[in-house]
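Trainee: Could you take me through one part of this chain in close detail, ending with its aromatic rings?

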Amino acid sequence: ASAGGSITVDAVDTILGTGGNGILAVSDGGDISIQGVGLVGGVTGTGGSGIASSSGAGSINIGGISANGDITSTTSDGIYALANGGGITIDTSNGGVSGFAAGIFAQDLTGAIAITTADVEGTDQGSGIFALAGDGLTIDSTAGSVSGALAGVFAADELTGDVSVTTADVTGGINPGIFANARYGSVTVDSTAGTVSGGSGIFVDNRLSSGVISVTTADVTGTYGTGIGVVSGGGSISVDSTAGTVNGGYNGISAVTSGTGNVAIAADDVTGGNIGIQTVAEDGTTIITLISTADVVGTATQGVYATSTGSDADITVQGSSSNITGGTDGLTIASLGGDILVENLDSITGNAGDGIEAVSAGGDIMVEAVDTVVGTGGN
C-alpha cells in the first residue's frame, strides 16, 4: 500500500496468496503498474483476488506493458481493478484469467477503461468481464473465449463515453452473453469472430442515449430471452447478423428506438419463440433486408412485426428469395403515415392469420415481387 506514491510489481514468476490475494496493490493517489508476473507458475489468490488493485487518483496498468501469465482466484475476482479518474488498462492476451466471482472486474466511473484478453471465465458468482467506465470503454476478447455465470461480458459507460466490444466466443449464464450500455454515448458490438449465447444473446440498452448503435454478429442464441435486443433513446440502430443465425427463446431480433432514429437490420436465418424480427420506430425509417438464404420464423406470433408512428417514417421489408413465416401473421407492418414497401421475397406465410397485414394512416403501401403469400385463417 502507498499513501500517494506509485506502485510497481514487475517480473515475479510464481505468486501464491494462501488465504488472501495473489497481489494486493493499493495507492491513495499514485499509479499502479503490474507487469511480467506469473509467467512461470501464474498468480493465484485462494482467499481473495488473483490481482487486486485500487488507486484513488492514479492509473492502473495490468499487463499493458509486459505480458503476465495466468491469473486465478478460487474465492473472488480473477482481476479486480478500481480507479477514480486515472484510467485502467488490462491486457491478459498472454494468459488465461479465472475468478470464482468475475473473471475481470474493472471500474473507473470518471475515467477510461481498455481491456484486451485471451480466455476469461467467471465460474460461479459473476460475469466473465464486468467493466464500468465514465470516459470510454473498449473490450477486445478476440484472442480467446469469455464465459460467466451471470453475463459473459457486461460493458457500460456511466457518463459520456462510447462503448466498443469486440469478441470471439462468449457465453453468459442467466444474463446476456453480451450486455452493453453507454448512458450518453454510442455502442459498437462486433462478435463476428465467434458465437454468443446466454439467457439473452446480446442486449444493448441505450434507452437514455441518442448515440448510434451498431451490432454485427455471427451466430447468436438467447436461451429464453431475445437473441439480439437493442433499445435506444433516439439514436439510429444497425444490426447485421448475415454472418450467422440468430435464435431467441422470446424474439429473434428486436430493435426499438424513439425520436428520429432509424432502424436498419440485415439478416440471414432468424427464429424467435414469439416474433422472428420486431422493430419499433417513431420518426425514423426502418429497413429490414433478408439475404437470399434467409428463413425468418416467429413461432408463436409474427414472423416480422414492424411499426412506426411518424408521418414520414417509412418501412421497407425486402429480400432475395427469402422466406417469412409466423405462427399467426407472417408479416405485420403498421405506420401512422409512412410509406410501406414489401418486395423481392420468396414466400410469406401466416399459419393462423394473415400472410401480410399492412396498414398505413396516410402513406402508400406497395407489395411487389413476392412469389407466394399464404394466410391460413386470415387473408
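Mentor: Serine 321 is partly exposed, with a relative accessible area of 47%, where buried means under 20%, exposed over 50% and partly exposed in between, computed with a 1.4 Å probe on protein chains only. This is a predicted model, in which local features need pLDDT of at least 70, side-chain atom pairs count only at pLDDT 80 or more, and totals for chains, interfaces and linings use all residues. Residues are numbered from 1 along each chain as its sequence is written, and side-chain values use heavy atoms, with hydrogens and water left out.

The phi of serine 321 is near 60 degrees, a positive value in a residue other than glycine, and its place is the loop between strand S37 (315–318) and strand S38 (323–326); strands here are DSSP runs of E with at least two residues, numbered from the N terminus. A positive phi, near 55 degrees, is also found at alanine 369, which belongs to strand S42 (residues 365–375) and is partly exposed at 47% relative accessible area.

Turning to strand S36 (residues 304–308), four of its five residues are buried, so this strand is largely enclosed by the rest of the structure. Strand S33 (residues 277–281) runs parallel to S36 and is joined to it by five bridges, where two strands count as paired if DSSP finds at least two bridges between them. Within that pairing, valine 280 has threonine 307 as its bridge partner. S36 also pairs in the parallel sense with strand S39 (residues 331–335), again over five bridges, and there threonine 307 stands opposite alanine 334.

As for the rings, there are five aromatic pairs, taking rings of Phe, Tyr and Trp (its six-membered ring) with centres within 6.5 Å, and calling planes under 30 degrees apart stacked, over 60 edge-to-face and the rest tilted. The ring centres of phenylalanine 130 and phenylalanine 154 lie 4.6 Å apart with planes at 10 degrees, so this pair is stacked; it links distant parts of the chain, 24 residues apart, from strand S15 (residues 129–133) to strand S18 (residues 153–157). Phenylalanine 154 and phenylalanine 179 have centres 4.8 Å apart and planes at 20 degrees, so they too are stacked, and this pair connects strand S18 with strand S21 (residues 178–182), 25 residues apart. Phenylalanine 154 is partly exposed at 22%, whereas phenylalanine 179 is buried at 15%. Ring pairs join Tyr80, Phe105, Phe130, Phe154, Phe179 and Phe203 into a cluster.
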